[in-house]
2 protein chains.
Amino acid sequence: MRILIDMDEVMADAIARFLEWYQRDFGITYTEEQLHGTKLQYIVPEAHRPTVRQYAHQRGFFANLPLIANSQEVIRALNDKHEVYIASAAMEFKYSLEEKHDWLDEYFPFIHWKRRIFCGDKSVLKGDVLIDDHAFNLSVFSGRAIMFSATHNMLETGYERLNNWQEARQLFDLDTP
Amino acid sequence: MRILIDMDEVMADAIARFLEWYQRDFGITYTEEQLHGTKLQYIVPEAHRPTVRQYAHQRGFFANLPLIANSQEVIRALNDKHEVYIASAAMEFKYSLEEKHDWLDEYFPFIHWKRRIFCGDKSVLKGDVLIDDHAFNLSVFSGRAIMFSATHNMLETGYERLNNWQEARQLFDLDTP
């Protein structure tokens, strides 16, 4: 089975970086709870919005992002049993490309470069399963579309869900040898 | 119709850069004719081979590559009529990612970031047509596989061929309004 896995909010915690940079620039600390069903750019004062919108376009934004809980060990187990590809819609953010590649080398060295994809829209990918936090990626995918829960998508309905990586152990039967 | 187009030797002349850097490092000028059916690393003296093999892994190798003849105007016409995606197996060469993105911005700005893909193996791509110079990419593609002629693939048989971009005008019926 070929399983495609998105990076931001699924493997790497980019929201933590948004909160960190916003705190650095404006001295205001939002919590992940305040982002329930939305994104930082929609809840900050309107005058701050252009700055927040530029964050992911800046060099360094995607470097050394924290890991999403249990992603390393569960994706390693998935990779041992299935054909795992990492598929990130990274093309919007030019400087993310090298940083994401480095990040995978550091935290997911077992994912060979042949199994890494940086793309634009995900309609062009062929696989059995896509695990992603965004409805706009899942909706154009031709296989089984699984929404990985993230603060911003908690109000989305209509997709099969993976609430965390621990749940994937059962969903993909990883504990059976 | 969704048409996927490879970059090196199809849009961008990476062989020219190999020859240029080899001349710079060893003072020997090979011609494209000497590369008929092979690649530079296989015809240089064995002692030079490791150096040549490292070229594409170095920063700057993919920057400002010359264009393959007529690629700009024909791909623009293709893009006006069809869903064109650029699909480069760039993941092997980390430093190529940003350079290739910049190169597309400069020479193919009409290809939106949503239609750009940097991948490993191309079995994961879904499309009607793949235009590529390598049999190992064409052989794993599920759609119509078209070999774009390059010095190194001149001895390959068994694929439909596009010998140059002018030929694509007829193949894809681009001159009919």
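These legends accompany a set of close-up views of a predicted two-chain model.

Local features are described where pLDDT is at least 70 and side-chain atom pairs at pLDDT 80 or more, while totals for chains, interfaces and linings use all residues. Residues are numbered from 1 along each chain as its sequence is written, chains are lettered from A and ligands numbered from 1 in the order in which they are written, and side-chain values use heavy atoms, with hydrogens and water left out.

**View 1. How chain B and chain A are related.**

**View 2. The interface between chain B and chain A.** Here 25 residues of chain B are in contact with 25 residues of chain A, contact meaning heavy atoms within 4.5 Å. The two chains bury about 2,500 Å² between them, and carbon and sulfur atoms give 56% of that; buried area is the accessible area (1.4 Å probe) that two parts lose on being put together, summed over both. Look for B:Met91, B:Glu98 and B:Val124, which supply 25% of the area that chain B buries against chain A, more than any other three residues.

View 3. Four salt bridges cross between chain B and chain A, each a side-chain nitrogen of Lys or Arg within 4 Å of a carboxyl oxygen of Asp or Glu. One of them joins B:Asp102 to A:Lys94, with the closest N and O atoms 2.4 Å apart. On the side of chain B that touches chain A, helix H5 (96-107) gives the most, with four residues; helices (H or I, at least four residues) and strands (E, at least two) are DSSP runs, numbered from the N terminus.

View 4. B:Asp132 sits in strand E4 (residues 129-132) of chain B. With a relative accessible area of 0%, B:Asp132 is buried (buried is under 20%, exposed over 50%, partly exposed in between; 1.4 Å probe, protein chains only). Its side chain makes polar contacts with those of B:Lys122 at 2.6 Å and B:Asn137 at 3.2 Å. A polar contact is a pair of N or O atoms within 3.5 Å; within protein, one must be able to donate a hydrogen and the other to accept it, and residues adjacent in sequence count only if both atoms are side-chain atoms.

**View 5. A:His48 in its loop.** A:His48 is found between helix H2 (40-43) and helix H3 (49-54) of chain A, and is buried at 15% relative accessible area. Not counting residues up to four places away in sequence, A:His48 touches A:Tyr22, A:Phe26 and A:Ile28.

View 6. In chain B, B:Glu83 pairs with B:Arg2 at 2.8 Å, linking strand E2 (residues 83-88) to strand E1 across 81 residues. B:Glu83 is partly exposed at 29%, whereas B:Arg2 is buried at 13%. In chain A, the side chains of A:Arg144 and A:Glu160 meet at 2.6 Å, N to O.
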